[in-house]
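Student: I have a new structure to look at and would like to learn how to read it. Could we go through it together?

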Amino acid sequence: MPKSKRDREVPLTQVKKKDYGRKGELVSSIREAVDTYGRLYVFEFADLRSTHMATVRSNWRDSRLFLGKNKIMQIALGSTPEAEYQDNLRSVSKMLRGNTGILCTNRPHDEVLGWFNDFLVDDFAQQGFVAPYDITLERGPLQNFHTSMMADVRKLGLSATINNGALHLLDDFIVCQEGQPISAEQAKVLVILDRKLAQFRVTLRCHWCSGEFEELSDAGMEIS
């Protein structure tokens, strides 16, 4: 009788010895979740914000979410027909690139797709984010800026003075321009202005169930 794929041991040959224990536990936990839950998804995110990911975890407490090095998660699933933990998990491994994670759940497929399609959170843009439109501060009183912030305002590149107990901008200041990456200083100004240009979302990239694999589009639909 051929040996079950679940009984195969895949050595962590690419893991440093001192990290073997912790990362070996991740491999074991992922495999245990594969055995426990009926569905597995690979999800992708642009920037990891701990607050937003905590919201995801809170809404999926009956499931298991894994965030770790892609290489370790690939070892857990297997990347070849000989090494894969269960049938077609090698196809799932190929989707683990970039900022990705694993969700194991027993919830219905349509419910999973619907929740992640609807999960969208407005967020502050970080350095490197491409501005979707222009934002300019016009010369005159500065809203959201206090006189105690004068030193910080100048460090951020704004030319300002104190007039009648309030900060006044001496010249128009371009906070960001459409199509241009935002600098670290511009990102700080946007936070002060409470302008959220970015959106945090988690995109499902593939679905695996009982040995069947399907790749998903950005809208969560199967790619034929």
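This is a predicted model: local features need pLDDT of at least 70, side-chain atom pairs count only at pLDDT 80 or more; totals for chains, interfaces and linings use all residues.

Student: Okay. Which residue forms a salt bridge with Asp62?

Tutor: The general idea is to look for a side-chain nitrogen of Lys or Arg within 4 Å of a carboxyl oxygen of Asp or Glu. Here, Asp62 pairs with Arg107, and their closest N and O atoms are 3.0 Å apart. The pair links distant parts of the chain, 45 residues apart. Asp62 sits in the loop between α2 (50-59) and β2 (64-66), while Arg107 sits in the loop between β3 (100-105) and α5 (109-118).

Student: Is Arg107 buried or exposed?

Tutor: Buried means under 20% relative accessible area. Arg107 has 15%, so Arg107 counts as buried.

Student: And what other salt bridge does Arg107 form?

Tutor: Arg107 also bridges to Glu111, with the closest N and O atoms 3.3 Å apart. Glu111 is partly exposed, at 39% relative accessible area. Because these salt bridges share partners, Asp62, Arg107 and Glu111 are joined into one network.

Student: How many salt bridges does the structure hold?

Tutor: There are 4 salt bridges. One of them joins Glu44 and Arg205, whose closest N and O atoms are 2.5 Å apart. Glu44 belongs to strand β1 (residues 39-45) and Arg205 to strand β10 (residues 198-209), so this pair ties together parts that are 161 residues apart in sequence. Glu44 is partly exposed, with 26% relative accessibility.

Student: Now for the whole chain. What does its secondary structure come to?

Tutor: Count the helices and the strands: the chain has 7 helices and 11 strands.

Student: How much of the chain do buried residues make up?

Tutor: Of the 224 residues in the chain, 42% are buried. As for the surface, the chain exposes about 13000 Å², and carbon and sulfur atoms supply 46% of that area.

Student: Last one. Among contacts between residues at least 6 apart in sequence, what share joins residues at least 24 apart?

Tutor: For that, you look at how far along the sequence the contacting residues lie from each other. In this chain, the share is 73%.

Conventions: Residues are numbered from 1 along each chain as its sequence is written. Side-chain values use heavy atoms; hydrogens and water are left out. Helices (H or I, at least four residues) and strands (E, at least two) are DSSP runs, numbered from the N terminus. Buried means under 20% relative accessible area, exposed over 50%, partly exposed in between (1.4 Å probe, protein chains only). Contact means heavy atoms within 4.5 Å. Accessible areas come from the Shrake-Rupley method with a 1.4 Å probe; for residues, only the protein chains shown count as cover.
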